[in-house]
Amino acid sequence: MKTLFLAWQDSISHAWFPVGRLTYEHNSYEFVYLKGAKIAKDKFGFSGIWSLDDLDTVYRSRELLPVFSHRLMRRSRPDYPDWIRWQNLSQTEDNPIVLLSRSGGKKVTDNYQVFPYPERDENGFYHLYFFVQGLRDMAPENSDWIKNFEVGESLYLMQDSQNDFNFTALMLRTKDFYLLGFCPRYLDVFPLLQNNSNLVEVKVERVNLPPAPLSMRVLCHLIVKDDSYQPFSSPMYEPLAVPVLG
């Protein structure tokens, strides 16, 4: 079973909530709202997704729901092969779940983002891929370091404790202490870093030079070396509706 989460951000407060979970199994998609959606509704007026407006319903479909399918580039576009390559995927890996997992599915027309449940290896370690965020807000000389990165190079996590919107925000720096950008907000590794920073590693997976957009310039590989780690286990990730089997 493949699992993706959908996050929503309030445009005024910048508060961020996981609001939905999409699973794919036996050639069928299933979408449920999470408790994060209820909190977002009560606090910030989140009204649900158009055509999926009942928070207590389990939605099933043989086709990918529009809120997700509209976040994929059309295969007919001439830059589609580049888009696949920027995500470090091959042409044979371009199924919707994989593409949404890597790209994040962000659009300028709404406040949603998609992210995957991490993959677990035979050692019990979790793996997740993400693009560095906030590059446009960094100093130009820092961004220039990107072209010098090598695949497999280590990046280092720093807490942005004076961040007005999220005191647990994690920034990425190089070994030479150049600030690169931010990790996505959904990475819930902050408690692990506080206990043992060696449990979490971030490495450069791919560097894309222009014309790749800034949002897809640096692909990272995050590894959590703790077999007791339970990703996305806070109450906000609990489903509001429980699927009925049979």
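In the predicted model, the N-terminal end of helix H4 (residues 96-103) is capped by Asn95, a side-chain oxygen of which lies 3.1 Å from the backbone nitrogen of Ile97. Helices (H or I, at least four residues) and strands (E, at least two) are DSSP runs numbered from the N terminus. H4 is mostly covered, with six of its eight residues buried; buried denotes under 20% relative accessible area, exposed over 50%, and partly exposed the range in between (1.4 Å probe, protein chains only). The buried residues of H4 are Ile97, Leu99, Leu100, Ser101, Arg102 and Ser103.

Residues are numbered from 1 along each chain as its sequence is written. The model being predicted, local features need pLDDT of at least 70 and side-chain atom pairs count only at pLDDT 80 or more, while totals for chains, interfaces and linings use all residues; side-chain values use heavy atoms, with hydrogens and water left out.

The protein chain contains six helices and twelve strands. Its radius of gyration is 18 Å, close to the 18 Å given by the globule rule for 246 residues, so the chain is as compact as a globular protein of that length. The radius is taken over C-alpha atoms, and the globule rule is 2.2 Å times the number of residues to the power 0.38. Along the principal axes, the C-alpha atoms fill a box of roughly 55 × 45 × 40 Å. Of the 246 residues, 47% count as buried. Among contacts (heavy atoms within 4.5 Å) with a separation of 6 or more, 59% are between residues 24 or more positions apart. The chain exposes about 13,500 Å², of which carbon and sulfur atoms supply 50%; accessible areas come from the Shrake-Rupley method with a 1.4 Å probe, and for residues only the protein chains shown count as cover.

Seven strands form an open sheet in the order S6-S7-S12-S11-S8-S9-S10, with antiparallel pairing. Two strands pair if DSSP finds at least two bridges between them. Strand S6 (119-120) and strand S10 (179-182) are the edge strands, each pairing on one side only. Strand S11 (residues 200-207) runs antiparallel to strand S12 (residues 218-224), and seven bridges join the two. In this pair, Arg206 stands opposite Leu219 of S12.

The largest nonpolar core has 34 residues, among which Phe130 and Leu172 touch the most other members. Such a core is a set of buried Ala, Val, Leu, Ile, Met, Phe, Trp, Tyr and Cys residues joined through side-chain atoms within 4.5 Å. At least two residues of this core are supplied by each of strand S1 (2-9), strand S7 (126-131), strand S9 (170-173), helix H6 (190-195), S11 and S12. S12 provides the largest share, four residues. A second, separate core of 25 residues includes Trp8, Val19, Leu22 and Ala40.

Thr174 is located in the loop between S9 and S10 and counts as buried at 2% relative accessibility. Apart from neighbours within four places in sequence, Thr174 is in contact with Phe149, Leu155 and Tyr156. Asp82, in helix H3 (residues 80-86), counts as partly exposed at 24% relative accessibility. The side chains of Asp82 and Arg85 are joined by a polar contact of 2.4 Å. A polar contact is a pair of N or O atoms within 3.5 Å; within protein, one must be able to donate a hydrogen and the other to accept it, and residues adjacent in sequence count only if both atoms are side-chain atoms. Asp82 and Pro211 are 129 residues apart along the chain, with their C-alpha atoms separated by 9.4 Å.
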